[in-house]
Amino acid sequence: MVVTLHRENSLVRFLRWAYAGVDRTIFMALKFTFPARFVSPLGFLGMLTFVIFIILGITGALLMLWYEPILDRAWDSVQNINDTIPYGFHIRNIHYHASNAMVMMAILHMYYQYFSGRYKIRNEILWVTGVILGVLTILEAFTGYDIIFSERAELAISIAASLTNSIPILGPQMRDAFFGSGFHDFVLRFYAFHVFLLPIAMLGLMVVHFPRFLVFDVPMVMAITGAIMLTGGVFPVEMGLKFDPNVPPGITVPEWYLTGLYAFLRTQYDKFVTGVAWPGLFIFSLLVIPFVDKYKKFSWKDRPLITAVGITSLAQIIVTTYWGFYIDPNRTKSLLERLVIDPIFFYIVMLLLVPLSFGFTYMMIKLAKNAEANAKLQPRKPGGKTAINFPKRWIYIVFVVLLVFQVYLNISAYYAVLNGMKNYSLFIVGIIMLVFAGMFHIYRHGAAMARAPPPKPITPPTTAKPIPSAPKAAPPVPKPTTAEPLTAPPVQKAASGAQAASKTSRTAATTPTTGASALSNSKSGDATNVLEERSSTELRKK
Amino acid sequence: MTQQAPPGSGGKVSRRDFLKLMAAAGTVMTFTPFVDWGKFLPNPAGNISERAKVELPNGSQANVKTFQVNHSEAIIYPRADDPSLNTEAFRTWQFIRLPEELGGNKNDASAFRVYSMVCLHLWCLWKYWPEEGRKRGECPCHGSMYDPLTGMAFAGPASLQSPPSNVLPVLDLEVDNDGNIWIKPPNWSVNGNGIVGFGRYIT
């Protein structure tokens, strides 16, 4: 009896039937791509954010089984999850680090789309819903770390409540409506927001945020998951101290995505202005960017003002984020002196960052354009399709080695759990995920190699195209300086030059050529190089 | 094709527009009652229409004849049936009889103050210190200090906050013929008794 994976058994038939049935659903409108080779994750950071959202949903649902959103039990129930529930530590750490990863991914995703100009060409709705989704993501993460009800959570809740209260006219009503009154209400309501209201709002927004073309890259998804677990193993999240209103809290700072806001609050300037108006202005300017950006081109190099604004926002985010963390280590000073940031100094730095960022952007664009021009001068390197070129046999060997490594890791993860080394086992599970990502990539690489057409025979077919023959014999191309006007962009000029070259070579093809046709490929390559040189010389003349 | 001239609009509304107007009005009327349903959101525990006893930790009602001058107790208001809710900071108030020099000798409501114990800075619980030279409310966390006469922060981070976040919420008191002290129904707004954890404007 021959065992083969290609046989059509009933399971395969069932799956085919189910897949055909999906044809009637909305999912067919989405074009899912499973890349057959490595592609840059920058293009599908949004998908990765969504995958992390799903991870958060699963781990969060599991945590709901044990967490109690009650004033005097919230912290203890988290401690119970962390210390006594089997694998509770793992689930909690994955949930926590995934929340950080999701915020980070969302920010990276946004800035990549920003600098690559993808919010244009009728993608404005995607951009606007994306910005709202980003705000909700941060609110979701914020409510999450508040419902532990540790000291830090209490400080965060008090700041959130007082900021809401500081909104003119409607503030107090809004606080009463959203937060209720008293810690009992705060914890319970933040829980309701965290596990249901915000996620359902996010899911709804995702319906109008997803583009129709989606990339699901299995190795990258597994690598991100592994990285989250690995981080959880190395930096397990702490419990913090249980909140007690009679005990002075230590110095705590919020999570990293809110320290920027915290730095503004620490200037002790008016709460509404620093805590609501400034971030509101920031979010608003992000929302309107697609309608302000009137450049016709996409690349950041061709949109200097928009790029400069983006760089400024990045610089301010980085500086305020760090500043929010920084607390004067001098313990002889009073707590207040250590915490309060001088508003004049702070706002001067914020203002100074604007010209600095604009100058930096100007310099970067100059450098990038120079590099572009220089790259055109250099002859293009041959090949460069893939970085690694394993022989087939080595693919098998690496695969088997990784499989053995997986077995070893599984055993060590199991023993780590047996010995109560929770964070070590989480670390190892993270490595297992990363190794899986590597295995999948190698499998994909091998499969692509097997599918690839056999290498072209060195002897070309006899019915060769007339273009590549004997450019040497051709009459020289017309000099660009004399005839052509310099208004057309160099790319077009190169194309027109190529046309001219092909014409000349066609005329040359009628004349008998002596060169062996095997050489023709390399010669045509030379010809393109010549053309490129031409266009770059034109660039320099410009 | 000739365009039809618009009908002479002598203040007349076309039948179609009238229908649209009616439909819009109907939609508004349909959803109007739900505006009031917004009251579902705030916690109604603060809506108190009757006066309440000032209940001291030993269970007795505070009385002007027995309560010492320059002395304070933590009281719970409003008192809930659930004991764990009564431990909450937001229901904890400082009941103070002012020192002599601030008029604490009088046997009427003016000798007493009730302030929310939730510090306006970051919600620790402050308390009144009756010692000579202090006689003020102090927060153990970041050192905010409160004037017992008005509830206004005069030192520490809470004093740097802009109004209304520098004055403690207060409860109004009344004394009956037996000298028992009662808390009058509060008005939880920044212009009334204040908002716990946020403050009030001094009137």
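User: What makes up chain A in this predicted model, in terms of domains?

Analyst: In this predicted model, chain A is divided into domain 1 (36-257), domain 2 (294-379) and domain 3 (392-450). The centres of domain 2 and domain 3 of chain A, taken over C-alpha atoms, are separated by 40 Å.

User: What does Ile224(A) touch?

Analyst: Leaving out residues up to four places away in sequence, Ile224(A) touches Leu48(A), Val51(A), Ile52(A) and Ala101(A).

User: How many residues of chain B are in contact with chain A?

Analyst: 28 residues of chain B are in contact with 25 residues of chain A. On the chain B side, α3 (83-86) and α4 (157-160) are the elements that give two or more residues. Sorted by class, that side has 17 nonpolar, 9 polar and 2 charged residues.

User: Why are β2 and β4 of chain B called edge strands?

Analyst: Look at the order in this open, antiparallel sheet of chain B: β2-β3-β4. Both β2 (71-76) and β4 (112-116) have a single partner strand, so one side of each is left without a neighbour in the sheet. Neighbouring strands here are turned by 25° against each other on average, direction ignored.

User: How do you know that β3 and β4 of chain B pair?

Analyst: Pairing needs at least two bridges, and 5 bridges join β3 (residues 92-97) to β4 in chain B. As an example, Trp93(B) has Ser116(B) in β4(B) as its bridge partner.

User: Why is β4(B) described as largely enclosed?

Analyst: 5 of the 5 residues of β4(B) are buried, so the rest of the structure largely encloses this strand. Phe112(B), Val114(B) and Ser116(B) point one way, while Arg113(B) and Tyr115(B) point the other way.

User: How many bridges join β1(B) to β10 of chain B?

Analyst: 2 bridges join β1(B) to β10 (residues 181-183), and at least two are needed for a pair, so these strands count as paired. Ala52(B) stands opposite Ile183(B) in β10(B). The open sheet runs in the order β1-β10-β9, with β1 (52-53) and β9 (173-175) of chain B at its edges.

User: What makes Trp123(B) count as buried?

Analyst: The cut-off for buried is 20 or more other C-beta atoms within 10 Å. Trp123(B) has 26, so this residue is buried. Its phi is near 70°, a positive value in a residue other than glycine.

User: Why is Lys135(B) called partly exposed?

Analyst: Partly exposed sits between the limits of 12 or fewer for exposed and 20 or more for buried. Lys135(B) has 17 C-beta neighbours inside 10 Å, so it falls in between. Its phi is also positive, near 45°.

User: Which bond joins Tyr77(B) and Pro78(B)?

Analyst: A cis peptide bond joins them, with omega about -15°. Another cis peptide bond links Pro163(B) and Pro164(B), with omega about 5°. As background, most peptide bonds are trans.

Technical notes: Residues numbered from 1 in each chain as written. Chains lettered and ligands numbered in written order. Predicted model: local features only at pLDDT ≥ 70, side-chain atom pairs only at ≥ 80, totals over all residues. Contact = placed C-beta atoms within 7 Å. Helix = DSSP H or I, 4+ residues; strand = E, 2+ residues; numbered from the N terminus. Nonpolar A, V, L, I, M, F, W, Y, C, P; charged D, E, K, R; others polar. Axes fitted to C-alpha atoms, helices over the stretch in contact; angles between N-to-C directions. Domains from an automatic or database assignment.
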